[in-house]
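Subject: Structure handover

Hi,

Here is the structure I promised to pass on. Please open it first, then read my notes below.

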Amino acid sequence: MSGTYTEDVQRRCVLPFEALPSEVRLLRRAAAAQLSQWGVPAASDAAQLVVTELATNVVKHVGEGSAATLILERKRELLRVEMHDKASSLPSLRAADCDSECGRGLHLLAAMAVNWGAVATAIGKAVWCEIELGQDAGCLRMERATDALETYRARSGTLQQGRCEAALAESAVELIADLLHWTSARGLDPHDVLDRAQMHYEAEAEAA
């Protein structure tokens with residue numbers, strides 16, 4: 001499985017994969033890691049469940065080993081999940097009894113998603129759904145930090161290093177150093193600013 005990332009106002013992650021049971025597990029982990037980097041880990045469980053259902057449907061109904069692509073797109077309070085494959089037949093929502101596996105995945109999507117659908121594409125079809133992103137105070141802080149880091153890395157020309165944790169950590173250190181220079185240039189005490197930030201962090205961590 002390989003991934004390419006396109007950064008814009010609506011964050012977007014494209015993950016091509018081969019429709020195999022072993023790839024479904026890797027795809028689920030990749031989705032969880034991406035949501036964590038976007039600062040919305042609270043949506044990880046729902047997103048992983050949706051990704052599993054969509055990818056498993058490709059394995060079952062399109063065929064093992066077929067090429068497919070998962071797209072995750074962050075749209076403010078919503079996460080859009082799209083599964084693209086090369087089969088032209090569109091899925092339909094049918095009544096599913098307790099003993100029927102066929103169609104159960106779509107009922108699950110309909111129950112979990114704000115909206116969902118399927119559309120024909122130039123090479124096949126795309127099944128999509130949108131999930132609400134529940135955000136607590138910690139998630140909002142992570143989201144703001146991620147936004148700041150991405151903007152900082154873009155202006156410093158370091159986006160080509162990738163989105164690995166080591167690169168993000170180094171960018172965080174550089175950003176904090178720049179902020180300390182900024183506070184000092186305005187007559188503030190950098191040590192006092194750091195102490196106050198640490199106090200805020202510890203108070204919120206203890207409350208959580």
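A disulfide here is a pair of cysteine sulfur atoms within 2.5 Å. By that rule the count is zero disulfides. Keep in mind that this is a predicted model.

C13 has 1% relative accessibility, so it counts as buried. C129 counts as buried too, because its relative accessibility is 0%. The cut-off for buried is under 20% relative accessible area.

**Overall layout**

The protein has six helices and six strands. Along the sequence they follow the pattern β-β-α-α-β-β-α-β-β-α-α-α. Of the 208 residues, 35% are buried. Take the contacts between residues at least 6 apart in sequence: 60% of them join residues at least 24 apart.

**The α1/α2 pair**

How do α1 and α2 pack, and at what angle? Helix α1 covers residues 21-37 and helix α2 covers residues 44-62. Their axes are 9 Å apart, at an angle of about 150 degrees. Angles over 145 degrees count as roughly antiparallel, so α1 is roughly antiparallel to α2. The crossing of the two helices is right-handed.

Which residues make the contact? From α1 they are P21, V24, L27, R28, A31, A32 and L35. From α2 they are S44, A47, Q48, V51, T52, A55, T56 and V59. By type, the residues of this contact divide into 10 nonpolar, four polar and one charged.

**Q48**

Is Q48 buried or exposed? Its relative accessible area is 19%, and under 20% means buried, so Q48 is buried. Leaving out residues up to four places away in sequence, Q48 touches R28 and A32.

**L180**

L180 lies in helix α5, residues 165-185. Its relative accessible area is 22%, so L180 is partly exposed. Partly exposed covers the range between the buried cut-off of 20% and the exposed cut-off of 50%. What does L180 touch, not counting residues up to four places away in sequence? It touches P190 and L194. L180 and L194 are 14 residues apart along the chain, and their C-alpha atoms are separated by 8.4 Å.

Over to you.

Best regards

Conventions:
Residues numbered from 1 in each chain as written. Predicted model: local features only at pLDDT ≥ 70, side-chain atom pairs only at ≥ 80, totals over all residues. Heavy atoms only, no water. Buried < 20%, exposed > 50% of the residue type's maximum accessible area, 1.4 Å probe, protein only. Axes fitted to C-alpha atoms, helices over the stretch in contact; angles between N-to-C directions. Helix = DSSP H or I, 4+ residues; strand = E, 2+ residues; numbered from the N terminus. Parallel < 35°, antiparallel > 145°, perpendicular 65-115°, else oblique. Left-handed = near helix turned anticlockwise from the far one by under 90°. Contact = heavy atoms within 4.5 Å. Nonpolar A, V, L, I, M, F, W, Y, C, P; charged D, E, K, R; others polar.
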